[in-house]
Structures are given as structure tokens and as C-alpha cells.
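Here is a short tour to read with the model open beside you. Take a look at the chain before moving on.

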Amino acid sequence: MGKKEKCAICSETIELSFKAMEEWKIDGTLCGKCYSKQLHDYYPGEHVRVNKHLD
Ligand SMILES: [Zn+2]
């Protein structure tokens, strides 16, 4: 633990890592921003929210 990972999409250092869904075909971990974007891209009608604290 404590090792800084980089986002598989934007290459930013990840503060809070998210595991990519298998169907996204992404090898690695994602930052919250990209994870949220992926959710919207793949499941546009479901309104899955991972940043509820922003409401
Ligand atoms: Zn990212």
C-alpha cells in the first residue's frame, strides 16, 4: 500500500483508485474522474454516480 498508481486513461497519479470493469477492456486502474466518465459512456441511462459528495 502507499504506492502511487497512474490512471490507465489519463495517466494522472491516482489519489483514489477505481478498478475498471471487465467489459471496458482496460488493463489497470482508473482515477475517479475517468471511472465516472466510463460509467457514463457505457451506461448512459443508468445514472450511476460515484461522486455523490459533489451534489
Ligand atoms: Zn484518469
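Is Lys 25 buried or exposed, judged by its C-beta neighbours inside 10 Å? Lys 25 counts as exposed because it has 7 such neighbours. The cut-offs are 20 or more other C-beta atoms within 10 Å for buried, 12 or fewer for exposed, and partly exposed in between, with C-beta atoms placed from the backbone.

Before going further, please note that this is a predicted model, where local features need pLDDT of at least 70, side-chain atom pairs count only at pLDDT 80 or more, and totals for chains, interfaces and linings use all residues. Residues are numbered from 1 along each chain as its sequence is written.

**Loops**

Strands are DSSP runs of E with at least two residues, numbered from the N terminus.

Most residues other than glycine have a negative phi. Ser 11 is exposed too, with 10 other C-beta atoms within 10 Å.

Leu 16 sits in the loop between β2 and β3, and this leucine is exposed, with 9 C-beta neighbours inside 10 Å. From Leu 16 to Lys 33 the C-alpha distance is 10.0 Å, across 17 residues in sequence.

Beyond its neighbours within four places in sequence, Ile 14 is in contact with Glu 5, Lys 6, Cys 7, Thr 29 and Cys 31; contact here means C-beta atoms, placed from the backbone, within 7 Å.

Technical notes. Contact = placed C-beta atoms within 7 Å. Helix = DSSP H or I, 4+ residues; strand = E, 2+ residues; numbered from the N terminus.
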